[in-house]
Amino acid sequence: MTEKLSDVLSRKFGNNIREGSMISNECYISELIKIIKPNVILEIGTLYGCSAALFAQYAKKVFTIDIMSAPETNKLIAESVWHFLELGKKVQSFSIVNDSEKGELIASLNFDMAFIDGGHTYEEVKYDFSCVKKCGIVLFHDYKPSGREYSDCNNIRYDDIVKFIDEIYPAPFIWGPHCGKFALWIDAHHPLLRSKYFLQWKKNNAQQEQGS
Ligand SMILES: C[S@@+](CC[C@H](N)C(=O)[O-])C[C@H]1O[C@@H](n2cnc3c(N)ncnc32)[C@H](O)[C@@H]1O
């Protein structure tokens, strides 16, 4: 697909489809996923299915999990998004009642990369990370600290997420748009850390971060 996925989806479903989604920032993610080449991605936080659709452009399979209490209309929109993009066979979605059910489900799944974009409290992010870190590569959305340098960002800040991400080891790589960055955690023994393509990608993005 040469056109940006966010543009394709906005044209079909309206601009509201981007609300609360990382899809508008796909340019920060697509190149990375092409380098990681994951077979299976597990996502926590489906919403309207946009990020799952983005991942499904690159991975063979995407598991996406949301909570049962999320509005039923969100699930219907997500199904329409995947149907429209002909990704219905690649994306498998799950609704969970609570964290314990989520933990059991994730323990039963095999995946080689995870995306955490569900609950935004410290405890929720910590729990989600404990469930998915076995895969070795975990991407977080919404690294949004409070602070004067972000006063031009008139959206919600997530200090809890920042606090947790800043605590984990090895320290995640942080990059992305000024008002809402991504964080990438990689297990210290993961072979990706020795990939020259990944190291080049990281260097390029670190330089952009310094320049921004
Ligand atoms: C920011 S939205 C996800 C956006 C989506 N990943 C995207 O970029 O298009 C957060 C989603 O997480 C779900 N959620 C909230 N708490 C959760 C939890 N504890 N476990 C799983 N999903 C949760 C919400 O229902 C909501 O749909």
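User: Start with Val40. Which strand is it in?
Analyst: Val40 lies in strand β1, which covers residues 40-44. Keep in mind that this is a predicted model.

User: Is Val40 buried, exposed or partly exposed?
Analyst: Partly exposed, because 18 other C-beta atoms lie within 10 Å of Val40, while a buried residue needs 20 or more and an exposed one has 12 or fewer.

User: What does Val40 touch, apart from its neighbours in sequence?
Analyst: Leaving aside residues within four places in sequence, Val40 is in contact with Ala59, Lys60, Lys61, Phe63, Asn110, Phe111 and Asp112.

User: And Met68, how far is that from Val40?
Analyst: The two are 28 residues apart in sequence, and their C-alpha atoms are 23 Å apart in space.

User: Where does Met68 sit, then?
Analyst: Met68 is in the loop between β2 and α4. Met68 counts as exposed because it has 12 other C-beta atoms within 10 Å, and 12 is still inside the limit for exposed.

User: Which residues does Met68 touch, leaving out those up to four places away?
Analyst: Met68 touches Ser95, Ile96 and Val97. Met68 and Val97 are 29 residues apart along the chain, yet their C-alpha atoms are separated by 5.3 Å.

User: Back to β1. Which way does it run against β4, parallel or antiparallel?
Analyst: β1 and β4 run parallel and are joined by four bridges. One of the residue pairs is Leu42 with its bridge partner Ala114 in β4.

User: What is on the other end of Ala114, over in β5?
Analyst: In β5, Ala114 has Val138 as its bridge partner. β4 pairs with β5, residues 137-143, in the parallel sense over three bridges.

User: How do the side chains of β4 point?
Analyst: β4 covers residues 113-116. Met113 and Phe115 point one way, Ala114 and Ile116 point the other way, and all are buried. In a regular strand, side chains alternate between the two faces of the sheet.

User: Where is Glu86, and is it buried or exposed?
Analyst: Glu86 lies in the loop between α4 (72-84) and β3 (91-96). Glu86 counts as exposed because it has 9 C-beta neighbours inside 10 Å.

User: Which peptide bond is cis?
Analyst: The bond from Tyr169 to Pro170 is cis, with omega near -10°. Pro170 is in the loop between α7 (159-167) and β6 (173-175).

User: Now the ligand. Which residues come nearest to it?
Analyst: There are 20 residues around the ligand, and Ser21, Gly45, Ser51, Gly118 and Gly119 come nearest.

User: Which element gives the most to that shell?
Analyst: β2 does, with three residues. α3 (50-56) and β2 (61-67) each supply at least two.

User: How do the shell residues divide by type?
Analyst: Eight are nonpolar, eight are polar and four are charged.

User: What about α8, how long should it be?
Analyst: Helix α8 has 16 residues, 196-211, so at 1.5 Å a residue it should span 22 Å. Its end C-alpha atoms are 23 Å apart, which agrees.

User: Last topic, the whole chain. How many helices and strands?
Analyst: The protein chain has eight helices and seven strands. Of its 212 residues, 34% count as buried.

Definitions and conventions
Residues are numbered from 1 along each chain as its sequence is written. This is a predicted model: local features need pLDDT of at least 70, side-chain atom pairs count only at pLDDT 80 or more; totals for chains, interfaces and linings use all residues. A residue is near a molecule or strand if its C-beta atom, placed from the backbone, lies within 6 Å of it. Ala, Val, Leu, Ile, Met, Phe, Trp, Tyr, Cys and Pro count as nonpolar, Asp, Glu, Lys and Arg as charged, and the others, Gly among them, as polar. The expected span of a helix is 1.5 Å times one less than its number of residues. Two residues are in contact if their C-beta atoms, placed from the backbone, lie within 7 Å. Two strands pair if DSSP finds at least two bridges between them.
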